[in-house]
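Please look over the notes below on aromatic contacts. They are meant to be read beside the model.

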Amino acid sequence: MERLVRRELQSQVDELLSKHRGLAVISETDTEVIVAGKLPFEASADGLETITGSFDIEIRIPNDYPKQLPQAKELGNQIDSDYEHRYTDGTLCLAVPIEERRVFAQQPTLLGFVDRLIVPYLYGYSFFKMYGYHPFDEAEHGYEGVLRHYMDFLELKNEVAALRVICFLFEHGYRGHHDCPCGSGLIVRKCHGPALRELHENHTSQTRRRDFIGILQFCAAKIEYGQLTMPDRLRNQVLRILNKTKLVKTN
Amino acid sequence: MTIDTKAFSHFLEQVASEIDIPPGKYQQAVERYQGVGRWLEEGIYPECTGDLSIYPQGSFRLGTVVKPIRDGVETSYDIDLVCELPLQKSGTTPQSVKAMVGSRLRENRTYAKLMDHEGRRCWTLEYAEQEGVGFHIDVLPAIPNPRGLLDTAIAITDKYENGYSWSASNPRGFGEWFDRKNQAAFALAVTEQKQRIQRNASLIFASVDEVPDRLVRTPLQRAIQLMKRHRDLHFNNRTSNGYAPISIIITTLAAHLYENELDVYSTLSGIVNKVQAHAALIEGRSIDHSLATRGLIQRRPDGTWYIGNPVNSDENFADRWHEDNHARARAFFQWAEALQRDVLHALSMEDSRVLNEHLSRTLGASAVTKHLGLIAPPLQPQDVPRIHIAEPAKPWRDW
């Protein structure tokens, strides 16, 4: 994903501001562009009620967007300070990184970011405040959330499979004729092809590395407690990757 | 679209209170620095006969606190605490005064952990707070330095490359001068404000009597807060960061120029317009006679600048303005002009989006957006975007 040319960024900003008229460009520096203001919306979802809300938000667009996605913050203290999916500085934790990228890919513009990630988050929060549960479910904190996303998205049977998948993506990217890392015995093309391709295309080297570390740490903890066993081949692959990326020196 | 000045003034008042320190946080700050004060008071200092005098100076004393902001992020509050030891100047040195206070602080295990490196004039204690923004307390060791019997002037310690020296200061005197300038407005505002504060923070203050005077804000104090915040944002993204006008200059000029206007807008525009009227000095031209006579900002024959401390004319707040080809002087007037344009001229802004952009850029989106409804018309129902959610992500948290 290349950095956006100024013109392209401007046209994405224009598109965003023409639909969400309460927002404005607040600041433009070498490192980021900040858009902020009021975000009123009327949002509906299948099988759920329509919710009208309005939040004061700030969107910080880094200068390497879309390689790095924007950060969103709620400014008006409308979201409870102890709400789990919000950091103490007001930044909203919209999704597990790979899921955030996958959703963004469906409409990879600033407007898409707002309509498909920020508004659903705010809808979810409003719903949660009213009814006490999240309408679109919530991801577990930290590495577990990352891992569960892989398991849900690929319908994997266990955590070791998730580790195999992330190692596969790390070492091979997308290879249609390799054995599918889910362990089915089929080749990728005949198995999880489309899903793996989607993951591969939406990962940046940064997100892939973080997911690898996260899933590995989660599995390592379980292995230590005897809740999981890692097959030798997988262990060797993990060591290979660790060595290659110089995360850990293994002699 | 023109905005009603009354509505705009109310808006500015609200923005100022957003960037102010909330009453609960203020109480927390007071507790913290009183704790430090008590510890210092109970120390034993060689050759000290008598009590220490410990008191806040700067924005906490004057009631002009603003949430500091750096790179768009709010950083910790800055509390200046003077620690005056009853010593004779002839009987001690700045180095030993500094050291005495430092070692007393370090005797306390908690403070020792909070202490940063030695500052030029102070010892800094960094408090991270669990909720929201933290504090740092700068403890300034000092001794009395009176020029006369009732003089509150002090000498503070100044560390430079080769050693320590004394530096003149008079925070108590300045505080009293400021209070006098603020007095009439304070008397008008106090009852109504204390009632409001007590109502909004009834868990902290059980009755109006418990609300400290230091939480009352007159239009002068509000104007100073807005000017400081505008300054923080104006210099944030520029290389001219080091030349930003210091708060004491902003406070002094504002207090001098305040004419007891009753609302924030009139106060701010009065101050800024009169400050800007001095801009001709940059080019060495003369300014309006009545302003020149007051001598608030002076350009001397040798080209250097003078803004006197109202309680000590020997102290020149603008003593560095001529450096680097008058960089600070130019930065000051450019900033004043920007303030005029950004805030005062907002009244004639055409578009509510442009208005939002301007005000947010210059005063901070977080403080402005919340109160924009006071001056901009709300979006019509048909303008509210409709969004259908399909395949949403699950919210997460990194840890």
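1. A:Y83 is buried, at 4% relative accessible area. A:Y125 is buried too, at 3%. Buried means under 20% relative accessible area, exposed over 50% and partly exposed in between, with a 1.4 Å probe and protein chains only.

2. This is a predicted model: local features need pLDDT of at least 70, side-chain atom pairs count only at pLDDT 80 or more, and totals for chains, interfaces and linings use all residues. Residues are numbered from 1 along each chain as its sequence is written, chains are lettered from A and ligands numbered from 1 in the order written, and side-chain values use heavy atoms, without hydrogens and water.

3. Over all chains there are 22 aromatic pairs. Rings of Phe, Tyr and Trp (its six-membered ring) pair if their centres lie within 6.5 Å; planes under 30 degrees apart are stacked, over 60 edge-to-face, the rest tilted. A:Y83 and A:Y125 pair edge-to-face, 4.7 Å centre to centre with 75° between the planes. This pair links distant parts of the chain, 42 residues apart: A:Y83 is in the loop between strand 4 (71-74) and helix 2 (97-105) of chain A, and A:Y125 is in helix 3 (residues 110-131) of chain A. Helices (H or I, at least four residues) and strands (E, at least two) are DSSP runs, numbered from the N terminus.

4. B:F8 and B:F11 are stacked, at 5.9 Å and 20°. Both lie in helix 1 (residues 5-19) of chain B, three residues apart, about one turn of the helix.

5. Ring pairs join A:Y123, A:F127, A:Y131, A:Y133 and A:F136 into a cluster.
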